[in-house]
Amino acid sequence: MEMPDLQQYKEKFSKAKFVDKISRIAKRAGARMVYAALILYYTLESDNVSLKDKAIIIGALGYLISPLDVVPDAIPIAGLGDDLAVLIYVLRKVWGQVSEEVKAKAKAKLAQWFDSDEIVEAATDLFNDDPAEGPA
């Protein structure tokens, strides 16, 4: 999949829209996608992340929120696949700047929607296509 120009989605992002979308799609999207989105969301609060990386994160989260993306979210199974691909792509770019505190906050928030075994699987399987680059 070719990555979309994330800068065109930055205007779609707001904290309120993010919280609304993620709470509506949590179970359908799965723990892995929600965990990736939450890590990016909480990483925005960090002073250790460059403005350039924050702009990329905002674009990715705006893409998640936007109903107009490469594969519309309403399409079963495939609809959220492009969103997950974008989130994982951006997460790989900023992973070195993700603190343990951010990971803990994301896991705590996941507990509101998922069972503990789903949370553990999401955290250990975040980069399932290349385990060598997985979470620390």
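Predicted model: local features only at pLDDT ≥ 70, side-chain atom pairs only at ≥ 80, totals over all residues.
Reader: Which helix does Ala37 lie in, and what makes a stretch a helix here?

Author: Ala37 lies in helix α2. Helices are DSSP runs of H or I with at least four residues, strands are E runs of at least two, and numbering starts from the N terminus. Residues are numbered from 1 along each chain as its sequence is written, and side-chain values use heavy atoms, with hydrogens and water left out.

Reader: Why is Ala37 called buried?

Author: Buried means under 20% relative accessible area, exposed over 50%, and partly exposed in between, with a 1.4 Å probe and protein chains only. Ala37 has a relative accessible area of 0%, so Ala37 is buried.

Reader: What is Ala37 in contact with, leaving aside neighbours within four places in sequence?

Author: Phe18, Ile22, Leu61, Leu64 and Leu87 are in contact with Ala37 once those neighbours are set aside. Contact means heavy atoms within 4.5 Å. As for Ala106, 69 residues from Ala37 in sequence, the two sit 8.7 Å apart in space, C-alpha to C-alpha.

Reader: Why is the pair of Phe18 and Tyr41 called stacked?

Author: The structure holds two aromatic pairs, and this is one of them. Rings of Phe, Tyr and Trp (its six-membered ring) pair if their centres lie within 6.5 Å; planes under 30 degrees apart count as stacked, over 60 as edge-to-face and the rest as tilted. Phe18 and Tyr41 have ring centres 4.4 Å apart and planes at 10°, so they are stacked. The pair links distant parts of the chain, with Phe18 in helix α1 (residues 15–29) and Tyr41 in helix α2 (residues 31–43), 23 residues apart.

Reader: How do you know whether Phe18 and Tyr41 are buried or exposed?

Author: Same cut-off as before. Phe18 comes in at a relative accessible area of 1%, so Phe18 is buried, and Tyr41 has 11%, so Tyr41 is buried too.

Reader: What makes Tyr41 and Tyr42 a pair, and of which kind?

Author: Their ring centres are 5.4 Å apart and their planes are at 65°, so the pair is edge-to-face. Both Tyr41 and Tyr42 are buried, and Phe18, Tyr41 and Tyr42 form one aromatic cluster.

Reader: How do α2 and α6 cross, and what makes the crossing left-handed or right-handed?

Author: The axes of α2 and helix α6 (residues 116–124) come within 8 Å and cross at roughly 65°. Axes are lines fitted to C-alpha atoms, for helices over the stretch in contact, with angles from 0 to 180 degrees between N-to-C directions. A crossing is left-handed if the near helix is turned anticlockwise from the far one by less than a right angle, and right-handed if clockwise. The crossing of α2 with α6 is right-handed. Ala31, Arg32 and Tyr35 of α2 make the contact with Glu118, Ala122 and Ala123 of α6.

Reader: Why does Ile119 count as buried?

Author: Ile119, found in helix α6, has 11% relative accessibility, so Ile119 counts as buried. Leaving aside neighbours within four places in sequence, Ile119 is in contact with Lys107, Leu110, Ala111 and Phe114.

Reader: How many helices and strands does the protein chain have?

Author: Six helices and zero strands. Of the chain's 136 residues, 47% count as buried.
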